[in-house]
Amino acid sequence: MPNPITQAPFGLLEDGTPITQFTLRNANGLVAKIIDFGGIITELHAPDREGRLADVVLGFDTLDAYEGDSPYFGALIGRYGNRIAGSRFTLDGREYVLPANDGENHLHGGAGGFHKVKWQATVEGDSLVLAYRSADGEQGYPGNLDVVASYSLGDDNALVMRLRAVTDKPTPVNLTQHSYFNLCGEGDILDHLLTIDADTFVPIDAGSIPLGMLSPVTGTPFDFRTPRPIGERVGQPDKQLRHGRGYDHNFVLNKPDGKAMTRAAHVLDPGSGRVLELFTEEPGLQFYSGNFLDGSLAGKGRSYGHRSGFCLEPQHFPDSPNRPRFPNVILRPGQVYETESRFRFSVQPEA
């Protein structure tokens, strides 16, 4: 029998709405804590090679910190993960204007995106199921979008995330998860060994908007097809690294079978032996190296300094509503948006 999901109060929003924290456990000691505000993963405890648990995601101790100016720690992102250029797109001949919250661009669904709303939570067996209706016109998007997200812990030590959505009007949809990981549990992530299964990536301009083409990773600091330390080349005088202030780019995953579940990334912390593997049905992976963390945020007993966490965001490509050559992100009535990603933890024995 799976371990039951437990719940406890996690505070009140400014308007008095109560928020609940749900705790998922599996038989191997993996523990995930998730709140029904923003679908946020607040804690994720994974064992090292000695069996010692550490919380491997960045986050806060209190609800008001998440309700404030949080950099998307642990949150579900929607309607559109990543950026939309100029905060506008044209769909079926009509232009839609979205709120700008990243310079002139629209980022992660806007300031009032899915990371800032209360989800309706239910427990179904070993899964936490979160539901939300994004109303027609919310953050400028057309159509009523009904979204269901579920989290569960597998026997293989995978945190499984399934996302489903339907709409009554054509609308862009690109949902993702925005946890910041640190497999040490503290310090920076520069020594983490990263592998990304991608031959190409999406280059960006100075505003982090795609230039429109795909570029080979060969001969660049973006070649993670074999394990490389995150910090090894992040400071190189590369134009793309300057634009992102480090890594903040979408990698085009090698997908020989289209939407099939494939491994996107593998990360090893040599010190603890903790390993994180991401498997996903998505065509892209946004890798972010914590470039804007500067020590001004703190939680769970530590401050979050420069590059103290990294993000692996399975997704479609940035600015796809304005890029017809990129994989389609338009969901239409009668269609079902469905995608699954697995964040699997293991340990590598000491050599």
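**View 1. The second largest pocket holds about 300 Å³ of space.** Here a pocket is an open set of points on a 1 Å grid over the protein atoms alone, where a 1.4 Å probe fits and protein lies on both sides within 12 Å along at least five of seven lines; lining residues have an atom within 4 Å of a point. Its volume is the space filled by probe spheres set on the points, which are joined across faces, edges and corners. The model is predicted, so local features need pLDDT of at least 70 and side-chain atom pairs pLDDT 80 or more, while totals for chains, interfaces and linings use all residues. Residues are numbered from 1 along each chain as its sequence is written, and side-chain values use heavy atoms, with hydrogens and water left out.

Look for Lys259, His316, Asn328, Tyr337 and Glu338: of the 17 residues that line the second largest pocket, these are the closest to its centre. Strand E29 (330–331) and strand E30 (337–347) each bring at least two residues to this lining, and E30 has the largest share, with three residues. Strands (E, at least two residues) and helices (H or I, at least four) are DSSP runs, numbered from the N terminus. Sorted by class, the lining of the second largest pocket has seven nonpolar, five polar and five charged residues. Nonpolar covers Ala, Val, Leu, Ile, Met, Phe, Trp, Tyr, Cys and Pro; charged covers Asp, Glu, Lys and Arg; the others, Gly among them, are polar.

**View 2. Strand E30 pairs with strand E14 and with strand E24.** Two strands pair if DSSP finds at least two bridges between them. Strand E14 (residues 158–167) runs antiparallel to E30, joined by eight bridges. To find your way along this pair, spot Arg162, which stands opposite Glu340 in E30. Strand E24 (residues 274–280) is antiparallel to E30 too, with seven bridges. In that pair, Leu278 has Phe343 in E30 as its bridge partner.

**View 3. The largest pocket has a volume of about 720 Å³.** A set of 34 residues lines the largest pocket, and Pro71, Tyr72, Leu107, Tyr288 and Phe292 lie nearest its centre. Helix H2 (239–244) and strand E25 (284–288) each supply at least two residues of this lining. Sort the lining of the largest pocket by class and you get eleven nonpolar, 15 polar and eight charged residues.

**View 4. Strand E25 also belongs to an open sheet of six strands.** Read across, the order is E17-E28-E25-E22-E19-E20, and the pairing is antiparallel. Strand E17 (180–181) and E20 stand at the edges with a single partner strand each, so one side of each has no neighbour in the sheet. Inside the sheet, five bridges join E25 to strand E28 (residues 310–315), and the two run antiparallel.

Now follow E20 (residues 215–216), where Pro216 sits. With a relative accessible area of 51%, Pro216 is exposed. That label means over 50%, while buried means under 20% and partly exposed is in between (1.4 Å probe, protein chains only). Gly273 is 57 residues from Pro216 along the chain, and their C-alpha atoms are separated by 31 Å.

**View 5. Strand E18 pairs with strand E21 and with strand E23.** Strand E18 (residues 193–196) meets strand E21 (residues 228–229) in the antiparallel sense over two bridges. There, Leu194 has Arg228 in E21 as its bridge partner. E18 also pairs with strand E23 (residues 262–268), antiparallel again, over four bridges. For Ile196, the bridge partner in E23 is Ala265.

**View 6. Another open sheet has five strands, in the order E1-E2-E3-E4-E5, with antiparallel pairing.** At its edges are strand E1 (6–12) and strand E5 (53–55), each pairing on one side only. Within it, strand E3 (residues 31–35) and strand E4 (residues 41–47) are antiparallel over four bridges. Val31 has His45 in E4 as its bridge partner.

**View 7. The whole structure has 22 aromatic pairs.** Rings of Phe, Tyr and Trp (its six-membered ring) pair if their centres lie within 6.5 Å; planes under 30 degrees apart are stacked, over 60 edge-to-face, and the rest tilted. Phe89 and Tyr96 are a stacked pair, 5.3 Å centre to centre with 20 degrees between the planes. Phe89 counts as buried at 1% relative accessibility, and Tyr96 is buried at 14%. Elsewhere, Phe10, Phe60, Tyr66, Phe73, Tyr180, Tyr288 and Tyr304 make up one aromatic cluster.
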